[in-house]
Amino acid sequence: MIRKRNSSLDDKFIMGLIERLLLPFTRQTMPDIRVDLKTIRKRLNGSITFVAQTAGRNPVGFITMRRQEHMMLIDMLAVDTVYQSKGFGSMLMRKAERTAKQLGCTQLSLWVDEQNPRAQTFYGAKGYSPVHYNPQIRCYLMSKHISD
């Protein structure tokens with residue numbers, strides 16, 4: 001099941017996923033980066049965030065995105081390692097695409113770390129193609145045209 005983020009229920013869980021699954025990649029290019037719950041809450045509050053949960057209502061992953069004119073940028077996506085390859089990431093991506101279409105967006109884009117081939121393969125299988133590489137942060141911008 002996918003639901004909207006509830007700050008009081010979800011933010012500590014989201015912070016844990018960010019620390020364990022996303023920050024290790026970021027620290028390869030920005031080793032001194034520090035992130036705290038207050039910073040993450042501020043970032044999430046300016047975004048659209050959905051949480052994936054099990055039938056028992058345990059959160060297992062999240063996706064957060066921001067609209068930029070006719071494009072939606074997926075800011076972060078993470079699924080707990082125990083629940084990876086079980087369809088939760090795909091459900092979150094489908095929700096992002098539906099939401100983007102409902103908001104009139106024609107393109108969905110995201111940044112993915114050069115050192116994360118598993119994520120690159122995941123997004124590629126969903127129809128995203130690399131359109132730009134940023135050597136400073138060692139990330140690819142991947143994009144997908146979405147239509148009705």
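I was working on a predicted model, in which local features need pLDDT of at least 70 and side-chain atom pairs count only at pLDDT 80 or more, whereas totals for chains, interfaces and linings use all residues. Residues are numbered from 1 along each chain as its sequence is written, and side-chain values use heavy atoms, with hydrogens and water left out.

I then looked up the pairing of strand β3 (residues 59-68) with β4, which is antiparallel over eight bridges; strands are DSSP runs of E with at least two residues, helices are runs of H or I with at least four, both numbered from the N terminus, and two strands pair if DSSP finds at least two bridges between them. The hairpin of β3 and β4 has two residues between the strands, and in this hairpin Glu 69 takes a positive phi near 55°.

On β5 (residues 107-113), I noted that this strand pairs with β4 in the parallel sense over four bridges, and that Leu 110 in β5 stands opposite Ile 74.

Is β4 buried or exposed? I found nine of the nine residues in β4 (residues 71-79) buried, where buried means under 20% relative accessible area, exposed over 50%, and partly exposed in between (1.4 Å probe, protein chains only).

**Cysteines**

I searched the whole structure for disulfides and found zero, a disulfide being a pair of cysteine sulfur atoms within 2.5 Å. Cys 105 is buried at 4% relative accessibility, and Cys 139 is buried at 8%.
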